[in-house]
Every structure is written in C-alpha cells, then in structure tokens.
Amino acid sequence: MKLDCKIKIQDRQRTNGSSTLKAAKGVVGLAKSNNDEWVLVVRLFKDTNATQYKLRDNIQALLHRCINNGMATIQIKMPPHDVQLCEANVESLKTLLSSVRLASTGSNLPSSIKSISINAVEKLQRPALQLIVNQAIDYPTLKGFPSTLEKLIINAAHLRAPVDRRIFTLKNLHTLDLSDNNITELPSGIQMNHLHTLIIRSNQLKSFPNDIKCPMLKHLDLSQNQLEKFNVALLNISTLERLNLSSNKIKFIPRIILRVLPQLQVFNIASNLVRVIPNSIASGGTRLHTFHYDDNPLATEKMITCKRFNTTLLEIALRVVIKYRIPYDFKSIPRTLCLLLDEYETCAHCASACFIRFGEIIVPKQLSAIGVTVHVTAANQSFAVPVQERYCSIKCFNYGLRRAGMIQM
Ligand SMILES: [Zn+2]
C-alpha cells in the first residue's frame, strides 16, 4: 500500500524534539524486502531515493492522537527517527498504522495489503500543483486538469460562459485566477472548500452566483467587469478579507457590509457610480484599514435625504427585536419582516436601530480619523467622503445637524 501526504523525518538524537525542518510532500508505503519482511518505505518528492525502515521489533511508538485530522507519527527504534505524517487521507492512514503495528509484532498482514515496488516509488513524479495557461492554445481541452492542482491561472484564453465545469471540480484548488477572459456568468453550485483566492478581473461578468460555497475564501477580485449592483451573494462570504469591485457600474454599497463581512480589511470600490458611503464604513471599530473610492461621482453637498419621524408600531416592534436580540427566522415571522430586520442601520448618535422611520443626512467625513487609509488618485478629490448618516429620532437628528453645521429643524 502507499499513501500520499506531507512527511517530516526527525532524528530524535540530533534535534532534541525541536526542528526547523518543514514537512514536504511525499509518499509513504509498505513493501516486502528481499528476506520477506515488511519494511516502511518513505520518499519525499524532492529526494530521488526512498528510505526504508525495518518494521519487525523496530517500532518504539505510534502516536495517533490526531489521526482524525490526518496526522500521525511513527517512531522507529533504529535509526532513532520520527516519521511525522500530516494532510493524509484519514482512512488510509488508519490502515497504514494498523498494518505497521501488525508488522512490528511479526504478525501476518491482511491479504488486502499489497507490497509496493520500491523502484516504482522512486520513479514517482511530484504531482502537479500549479498550472498557468496564458493563451487559448495552451488550454488542456482534451487532457483536462490534473486533480492535484492547488493553483490554476487561466488568463487571456478567450474563456466564455458556460465556463468549463471541470475547473470547479478541482478539490485541492486554493487559488483560481480567470482574469482577462470573456466570462459573462459563473456556473451555479460552485463549492470549493480550500479556495482562498478567486480572481476574475477583466471579464464581462454581469452577476455573481447566489449559491457559491467557498468557506475559506479571503480574497475576491471582480474588478473590471459589468456588475451593476453589489450582489447580495457577496454578503454571504463572511470570511472575505480583501474585496475588489473597482471599475464596474455599482451605484450602492450595502449599509450592512461591515456587519456581515466582519473580516474585511481592504475594500476597493474605485471607478464605479457610487454617490454616498454608508456610515458603517466611516464609523470605525471594524477591521477595515484600506478603502479605495476614487473616481466615483460622489456627492459634494451636505444634504438632508430623509425626514420621517412619525413612529409606527412596526418600527417600534422591529427596534425592540434588535435591542433585546430576540431570535427570529422565516418560520416565526413573515419573510418581509426578516429581510427588514437583516438590513437595519444604527443611529449615528445613539446607536439604536433604524428601519423605516428615521432622518438621514449626507455629510463629508474624514475616514483617516478612524484609522482607515484612503486612496485617492484624482488631484482635485478631497479625502473626506460623503457619508450617509441615519438618526432614529428628532432629538438625535438635531444633534447630527448641529454636528454637521447644518440648520436645525
Ligand atoms: Zn438615536
């Protein structure tokens, strides 16, 4: 049998338990030696030769506390080596350890365990981890993609919708870059559990799939596309740290963006059609540290955009649900109320929730004052952004007007 995983071999006498060696990709397996005894064969892909360890009466311990995470250590007596395995298939690792245990006592192994050929192991090639396609002619249309790929870059290859589904079945992919193609839409049902970087810059995307599932996605680049709105699907990727939506046609930034994307650190909305910035971006207390907003038709005047204070029973009820954190879902209250509750904005003065009845003003605000680095390229553009501030009551609204130097009601 053989098992692909990451391997680190540590000499217990030399390293005293602490080593700076990194685990490297390799193969570990069981083979029968010339005198019909089982040996453990270990080969790192970076080395040409495989190392063999006798197993009978030569195992000091098997450390398997983390076996369900694909990790285990086989301690050999002579030479005094620790063979540390990680990122292994859990079932195969369990089979390997139980076989090593049997072989160390001299017992027979089950007939399902076949001996590997040491020669074949030494001839194994390092699995392909990265593929870069820079022109259409290099696209592996017939051959397909190696399933071991971790990084796939397909640039300027005239890709268009429907995009080759095989790309989205690569289970180990952590980086996918499909920049400079003609993609108008991505397929639905994308699920990539290891993907942390997705770059679809310079395409013709008009939308983003609602059902994308990438639980590790940190960096998403959809710049230079045809997006006309900030897709709600983006608000479901709560792991996002860097989001680039520059050079699209987006008019509004959702007010709840930093509440639902709490990890967001860098946000680029430059070269869109945005007129105002939601107060949540300008109120601090988030991880956001860099905000690109240049080249947008930003409002330049202070203004009052809403003044609705005749409080309704609905408004009071919704505010109470938020204030006392009363749990709600589609089963307990109507769907429209759930959607309203998801989208509340907090009062810029007293921080209570506002839904339908509120006052709203647009005022310039310096983002640098709350520790956000802003990026402006146009020489005539100010560092102050027009921020949309909401106030829950006439009292709070008057406070906001006074602070903004506007006339009181
Ligand atoms: Zn208030």
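Reply: Here is a walk through that core and the elements around it.

The model is predicted. Start with the layout. The domain assignment of the protein chain gives domain 1 (2-123), domain 2 (127-226) and domain 3 (303-403). The centres of domain 1 and domain 3 are 60 Å apart, taken over C-alpha atoms.

Now the core. The largest nonpolar core has 51 residues. I269 and I277 have the most contacts inside this core. Several elements give two or more residues to it: β9 (151-154), α4 (257-260), α5 (279-282), β20 (359-366) and β22 (384-391). The largest share comes from β20, with three residues.

Take I269 next. Beyond its neighbours within four places in sequence, I269 is in contact with L245, S246, I250, I253, V274, H292 and Y293. Another core lies apart from the largest one. This other core has 24 residues, including V27, M71, I74 and L96.

Back to β20 and β22. Both strands belong to an open sheet of four strands, in the order β15-β22-β20-β17. Pairing in this sheet is mixed. β15 (277-278) and β17 (303-307) are the edge strands, and each pairs on one side only. β15 and β22 run parallel, joined by two bridges. P278 stands opposite Q388 in β22.

α8 (residues 394-403) lies across β20 and β22. Helix α8 runs at about 160 degrees to β22.

Conventions
Residues numbered from 1 in each chain as written. Predicted model: local features only at pLDDT ≥ 70, side-chain atom pairs only at ≥ 80, totals over all residues. Domains from an automatic or database assignment. Core = buried A, V, L, I, M, F, W, Y, C linked by C-beta atoms within 7 Å. Buried ≥ 20, exposed ≤ 12 C-beta atoms within 10 Å, placed from the backbone. Contact = placed C-beta atoms within 7 Å. Pairing = 2+ DSSP bridges. Axes fitted to C-alpha atoms, helices over the stretch in contact; angles between N-to-C directions.
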